[in-house]
Amino acid sequence: MSRSRVAAVVLRILYLYRSSPQRVFPIFVWVAVDILLWGFLTRYLNSVSRAEVNFVPALLGAVLLWDFLTRAMQGVTMALFEDVWSRNFLNFFATPLRISEYLAGLILAAVGSSLVSLVVMVVFARAAFGLSFLAYGTGLAPFLIVLFVTGIAFGVAAAGLVLRLGPASEWLIWPIPMIVSPFAGVFYPVAVLPIWMRAIAAFLPPSYVFEGMRAVVRGSPTPWDRLAVGGGLAIAYLALACLFFMAMYRTAIRTGLIARYSAETVG
């Protein structure tokens, strides 16, 4: 794998965003809307609830963490969509660029974009509602890493789906975080779910993250054992997603689908 070719993919994405601020602006707008909506909701719940529970870290913190996972996923898929929509994807492979180098470039670009969005979210939540993740110290890092790896795995798998089904498959990709969130227990304990949903939650890395974060907010020690399970699942998902992406690429090459992308489907 050539580091210079991977860096070239990242640089192209950076130039794309630098020359088109309108691509960057909506990301921060949606983040701000989410923070304002859930921030005022948590303030309202704090004012009417008699329970000795601070809903700000419990709910607003969960929103921020889930948005972080979503941004990591979209960092991969949006970069691929830009190339597919512009009919530029095939042009990459008229060069010595390998598909593994292209994928590595997408992932590295997603690392940068998701970290920037995380900083913006944390600063805005701190300024608007006094939510500070710094109070949890470096113990927060493992939770973020598990969510980040999971988001990248979702993004790579979604990119593989695009290779197989074509650009129209974006309508199957955008709802993925929404579909996963009820099973992951983002806003409530997994224990309230029916048995069949808990069985699915056991295979979702974010469920271990949010259960652990609720424990930390309550003042309990960090459940490192459960977090380790979530981390192991996230790494396994990322490995499987990369294998799926490579398999879909080989299928697209073998069948000629890669040269027949249209606005609807390549099936």
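**Figure 1. Overall view of the protein chain.** The accessible surface of the protein chain comes to about 13,300 Å², and carbon and sulfur atoms account for 70% of that area. The model is predicted. The chain has 267 residues, of which 45% count as buried. Among contacts with a separation of 6 or more, 76% are between residues 24 or more positions apart.

Figure 2. Helix α1 covers residues 3-19. V6, V9, I13 and L16 are the buried residues of α1. Because these four cover an arc of only 85° around the axis, they sit on the same side of α1. An α-helix has 3.6 residues a turn, so positions three or four places apart point the same way. The face turned away from the buried side of α1 carries R3, S4, L14, R18 and S19, which are exposed.

**Figure 3. A nonpolar surface patch that includes F25.** F25, V29, W30 and V33 make up a nonpolar patch on the surface. Together these residues have about 420 Å² of accessible area. F25 belongs to helix α2, residues 21-48. With a relative accessibility of 59%, F25 counts as exposed, the cut-off for this class being over 50%.

Figure 4. T77 is a residue of helix α3, which runs over residues 55-85. Its relative accessibility is 2%, so T77 counts as buried. Leaving aside residues up to four places away in sequence, T77 touches G155, A158, A159, I173 and W174.

**Figure 5. Helix α10 within the structure.** Helix α10 has 13 residues and covers residues 205-217. From its first C-alpha to its last, α10 reaches 19 Å, close to the 18 Å expected at 1.5 Å a residue. Eleven of the 13 residues are buried, so α10 is largely enclosed by the rest of the structure. The buried residues are P205, P206, S207, Y208, V209, F210, G212, M213, R214, A215 and V216. Just after α10, G219 has a positive phi of about 95°.

**Figure 6. The salt bridge between R214 and E211.** The structure holds one salt bridge, formed by R214 and E211. The closest N and O atoms of this pair are 2.7 Å apart. Side chains of opposite charge can pair when their charged atoms come close. Both residues lie in helix α10, three residues apart, or about one turn of the helix. R214 has a relative accessible area of 13% and is buried, whereas E211 is partly exposed at 22%. The two residues fall into separate classes because buried means under 20% relative accessible area.

Conventions:
Residues numbered from 1 in each chain as written. Predicted model: local features only at pLDDT ≥ 70, side-chain atom pairs only at ≥ 80, totals over all residues. Heavy atoms only, no water. Salt bridge = Lys/Arg side-chain N within 4 Å of Asp/Glu carboxyl O. Helix = DSSP H or I, 4+ residues; strand = E, 2+ residues; numbered from the N terminus. Buried < 20%, exposed > 50% of the residue type's maximum accessible area, 1.4 Å probe, protein only. Expected span 1.5 Å × (residues − 1). Arc of directions from axis to C-beta. Contact = heavy atoms within 4.5 Å. Areas by Shrake-Rupley, 256 points an atom, 1.4 Å probe, with all protein chains shown as cover. Patch = residues over 30% accessible without salt bridge, like charges linked within 9 Å, V, L, I, M, F, W, Y side chains within 5 Å.
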